[in-house]
Amino acid sequence: MTSTKKQTQVRLEEDVLAAGKAAAAARRLDFNRYVERLIVEDTTGARAAGMAAAQRLIDEHGTFLDDLEQQLDAPYADPRPGAAA
């Protein structure tokens with residue numbers, strides 16, 4: 001069985017390659033699949049659509065989310081000076 005995929009060579013700075021490999025691992029993808037996914041998302045507009053949706057969520061609900069985060073963090077805030085630990 002032959003593959004329809006084509007092989008290419010990409011030269012990257014060492015730190016860029018390391019960051020890409022770390023990002024791929026964090027997503028449980030091998031590096032080639034990660035690069036392929038980035039290209040597909042970029043060229044189909046999927047990445048832009050996702051970013052636009054995230055921005056709409058922040059624009060519409062950002063204040064609520066900030067307030068919620070503060071409420072959830074409040075029990076873990078630093079104790080007042082002089083308070084028993």
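Trainee: Before we start, what counts as a salt bridge here?

Mentor: Picture a side-chain nitrogen of Lys or Arg and a carboxyl oxygen of Asp or Glu. Keep in mind that we're looking at a predicted model. The pair counts as a salt bridge when those two atoms are within 4 Å.

Trainee: OK, so which residue does Arg33 form a salt bridge with?

Mentor: Look in helix 2, and go three residues along from Arg33, about one turn of the helix. The closest N and O atoms of the pair are 3.4 Å apart, and the cut-off is 4 Å, so the pair qualifies. The partner is Glu36.

Trainee: Which other residue is linked with Arg33 and Glu36 in a network of salt bridges?

Mentor: Glu36 has a further salt bridge, again with closest N and O atoms 3.4 Å apart, and its partner there is Lys5. Glu36 lies in helix 2 and Lys5 in the segment before helix 1, so this pair ties together parts that are 31 residues apart in sequence. The residue that joins Arg33 and Glu36 in the network is Lys5.

Trainee: Is Lys5 buried or exposed?

Mentor: Its relative accessible area is 58%. Exposed means over 50%, so Lys5 is exposed.

Trainee: And how is Glu36 classed by its accessibility?

Mentor: Buried would need under 20%, and exposed would need over 50%. Glu36 has 32% relative accessibility, so it counts as partly exposed.

Trainee: Which residue meets Arg37 in a salt bridge?

Mentor: Stay in helix 2 and look four residues away from Arg37, which means about one helical turn. The N to O distance for this pair is 3.6 Å. The partner is Glu41.

Trainee: Which residues of helix 1 are buried, and how wide is the arc they fall within?

Mentor: The buried ones are Gly20, Ala23 and Ala24. Seen down the axis of helix 1, they line one face, so the arc holding them is a limited one: within 100°.

Trainee: Which helix is among the parts covering those buried residues?

Mentor: On the other side of helix 1, Glu14, Asp15, Ala25 and Ala26 are exposed. The buried residues, in contrast, have a cover that includes residues 31-44, and that is helix 2.

Key. Residues are numbered from 1 along each chain as its sequence is written. This is a predicted model: local features need pLDDT of at least 70, side-chain atom pairs count only at pLDDT 80 or more; totals for chains, interfaces and linings use all residues. Side-chain values use heavy atoms; hydrogens and water are left out. Buried means under 20% relative accessible area, exposed over 50%, partly exposed in between (1.4 Å probe, protein chains only). Helices (H or I, at least four residues) and strands (E, at least two) are DSSP runs, numbered from the N terminus. The arc is that of the directions from the helix axis to the C-beta atoms. Contact means heavy atoms within 4.5 Å.
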